[in-house]
Amino acid sequence: MKKIGLTLGKYAPLHAGHVHVFETALQEVDELYVLIYQSSITSIPLNIRAQWIRDLFPQIHVIEAWDGPEGYSNDRAFEIEQENYIIQKLNGVKISHFYSSEFYGEHVSTALNAIDRRVDESRLQVPISATMIRANAFQNRKFIPNCVYADLISKVVFVGAMSTGKSTLVEALAKKYATTFAPEYGREYWESHQVDRRIGFEDFNIIADRHIAYEDQATLDANRYLFIDTNAITTAMFCMDYHGRLPEHLKQLALENAQRYDLFFLCEDDIAYDDTWDRSGPQKRAIFHQQIIADLKQRRIPYIALTGSLEQRIAKVEQVLNQFDKFNNFFGSAFKP
């Protein structure tokens with residue numbers, strides 16, 4: 001007889017304890033179903049939480065429960081509602097093993113006529129809970145899969161022309177929030193590869209790819225926020241300035257870049273121009289700055305302008321972050337009645 005397992009939860013967020021249940025079940029059954037619930041306990045959308053499971057365990061059948069009963073209770077009326085909902089969502093699939101680490105394992109397994117398989121109910125093997133992670137994800141980083149942790153980090157990118165204070169700002173913010181930052185890789189690459197202050201057409205692909213790789217690595221070490229100095233869109237604009245056209249790879253990265261970040265800040269050109277050897281003068285800065293603004297508008301990317309001193313810019317970013325929730329409608333919230 002084919003062994004078919006079921007487990008369920010909110011996975012808000014998914015952590016090593018859940019992974020332990022999945023891996024245990026996959027060793028013992030032929031097929032595994034996971035029922036994942038919509039929940040008011042987290043702002044992370046159900047489809048994102050479900051995708052974590054699909055990415056990590058493509059062999060698992062994931063069922064999204066958008067209208068299921070909220071929470072857990074040992075009240076018998078609630079148990080019956082939960083049991084009926086589970087049976088309805090299974091749509092005729094016969095479960096032989098029900099996996100859980102919770103008290104509800106008894107009544108759900110009985111309703112399914114399945115083996116009640118409890119896994120690490122005392123949390124001794126994997127001492128973590130989603131509540132602990134929601135309280136402090138960074139402190140419990142070792143219990144969170146990389147793809148999950150990356151989605152918990154708010155990625156904040158700073159754009160603007162040359163000499164508008166981006167590098168100084170991201171370093172200062174990273175220090176203030178005790179987190180990581182991703183520096184502008186393009187400048188580093190340009191300084192080591194330029195010939196007569198020029199770099200080649202394909203070099204811009206390399207810059208964009210490595211900058212993204214730096215961002216991805218810094219994300220995994222970040223504490224709530226990752227502050228990023230420029231992005232592939234800016235790299236594409238420099239490439240256009242140098243060569244008048246874009247490689248197809250860079251063009252695609254720039255298109256995708258609009259969705260990579262949670263917040264865009266534009267560093268205005270109202271600070272003194274730092275005329276270093278690798279720059280092209282204040283007039284060039286003014287033109288490039290206007291081009292960046294035009295590009296943001298063309299791509300329909302909402303952005304927040306930063307002006308004034310370093311301290312004033314930090315204060316504005318702090319004000320925004322205090323109101324920001326990664327998975328809520330930040331810009332829409334400004335128009336609440």
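**Exercise 1.** Describe how helix α10 (residues 232–243) and helix α11 (residues 248–257) are placed, given that their axes come within 8 Å and cross at roughly 140°.

*Solution.* Step 1: axes are lines fitted to C-alpha atoms, for helices over the stretch in contact, and angles run from 0 to 180 degrees between N-to-C directions. Step 2: angles under 35 degrees count as roughly parallel, over 145 as roughly antiparallel, 65 to 115 as roughly perpendicular and the rest as oblique. α10 is therefore oblique to α11. Step 3: the crossing of α10 past α11 is left-handed. Step 4: in the contact (heavy atoms within 4.5 Å), Ala232, Ile233, Thr235, Ala236 and Cys239 of α10 meet Leu250, Leu253, Ala254 and Asn257 of α11. Seven of the residues in the contact of α10 with α11 are nonpolar, two are polar and none is charged. Here Ala, Val, Leu, Ile, Met, Phe, Trp, Tyr, Cys and Pro count as nonpolar, Asp, Glu, Lys and Arg as charged, and the others, Gly among them, as polar.

**Notes on the model.** This is a predicted model, in which local features need pLDDT of at least 70, side-chain atom pairs count only at pLDDT 80 or more, and totals for chains, interfaces and linings use all residues. Residues are numbered from 1 along each chain as its sequence is written, and side-chain values use heavy atoms, with hydrogens and water left out. Helices (H or I, at least four residues) and strands (E, at least two) are DSSP runs, numbered from the N terminus.

**Exercise 2.** Classify the ring pair Tyr177 and Tyr225.

*Solution.* Step 1: the whole structure has 15 aromatic pairs (ring centres of Phe, Tyr and Trp, its six-membered ring, within 6.5 Å; planes under 30 degrees apart are stacked, over 60 edge-to-face, the rest tilted). Step 2: the centres of Tyr177 and Tyr225 are 5.3 Å apart and the planes are at 75°, so the pair is edge-to-face. Step 3: Tyr177 lies in the loop between α7 (166–176) and β7 (180–182) and Tyr225 in strand β8 (residues 225–229), so the pair ties together parts that are 48 residues apart in sequence.

**Exercise 3.** Which residues does the cis peptide bond join?

*Solution.* The bond joins Ala12 and Pro13, with omega about 5°. Pro13 lies in the loop between β1 (4–9) and α1 (16–28).

Key. Left-handed = near helix turned anticlockwise from the far one by under 90°.
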